[in-house]
Amino acid sequence: QVQLVESGGGLVQAGGSLRLSCAASGRTFTNYNMGWYRQAPGKEREFVAGISWSGGRTYFVDSVKGRFTISIDNAKNTVYLQMNSLRPEDTAIYYCSAKYGSLLSTGGYWGQGTQVTVSS
């Protein structure tokens, strides 16, 4: 049974930092792309950042470039999203996903999400 478990969310003031973790288990994820997505109240889920399982390629939505970084620890099957200089508009539920293919596809495996709240 595939599981993606996110952790690390919380409440932080604007300008602060958080590191999200996504622990993946239940299968081999070689050749998968791992992504972070977020959904704010009243908005559609959007792609935030992604990384190939090898760690060789990373992708970011323009609004987080220069503030967020993504990394992977293959030994721990864990993907991290380091979020710096957080803004109130970053407030959302953040989801981790594993996709065999495009990070923009709707399929793949998904975690339950972790809440990130940035106060002004």
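Does Asn77 count as buried, exposed or partly exposed, and at what relative accessibility? Select Asn77 to start: at 23% relative accessibility, this residue counts as partly exposed (buried is under 20% relative accessible area, exposed is over 50%, and partly exposed is in between, with a 1.4 Å probe and protein chains only).

The model is predicted, so local features need pLDDT of at least 70 and side-chain atom pairs count only at pLDDT 80 or more, while totals for chains, interfaces and linings use all residues. Residues are numbered from 1 along each chain as its sequence is written, and side-chain values use heavy atoms, with hydrogens and water left out.

**Two loop residues**

Stay on Asn77, in the loop between strand 7 and strand 8. Strands are DSSP runs of E of at least two residues, helices are runs of H or I of at least four, and both are numbered from the N terminus. Asn77 has a positive phi of about 55°, although it is not a glycine.

Next select Ser85, in the loop between strand 8 and strand 9. Ser85 also is not a glycine, yet has a positive phi of about 50°. Its relative accessible area is 40%, which makes Ser85 partly exposed.

**The whole chain**

Zoom out and colour by secondary structure: there are 0 helices and 11 strands. With a radius of gyration of 13 Å, close to the 14 Å that the globule rule gives for 120 residues, the protein is as compact as a globular protein of that length. That radius is taken over C-alpha atoms, and the rule is 2.2 Å times the number of residues to the power 0.38. The C-alpha trace spans about 40 × 25 × 25 Å along its principal axes. Of the 120 residues, 42% count as buried.

Select Met34, in strand 4 (residues 33-39). Met34 is buried, with a relative accessible area of 0%.

Finish on Leu81. Leaving aside neighbours within four places in sequence, its contacts (heavy atoms within 4.5 Å) include Leu18, Trp36, Val48, Phe68, Ile70 and Tyr94.
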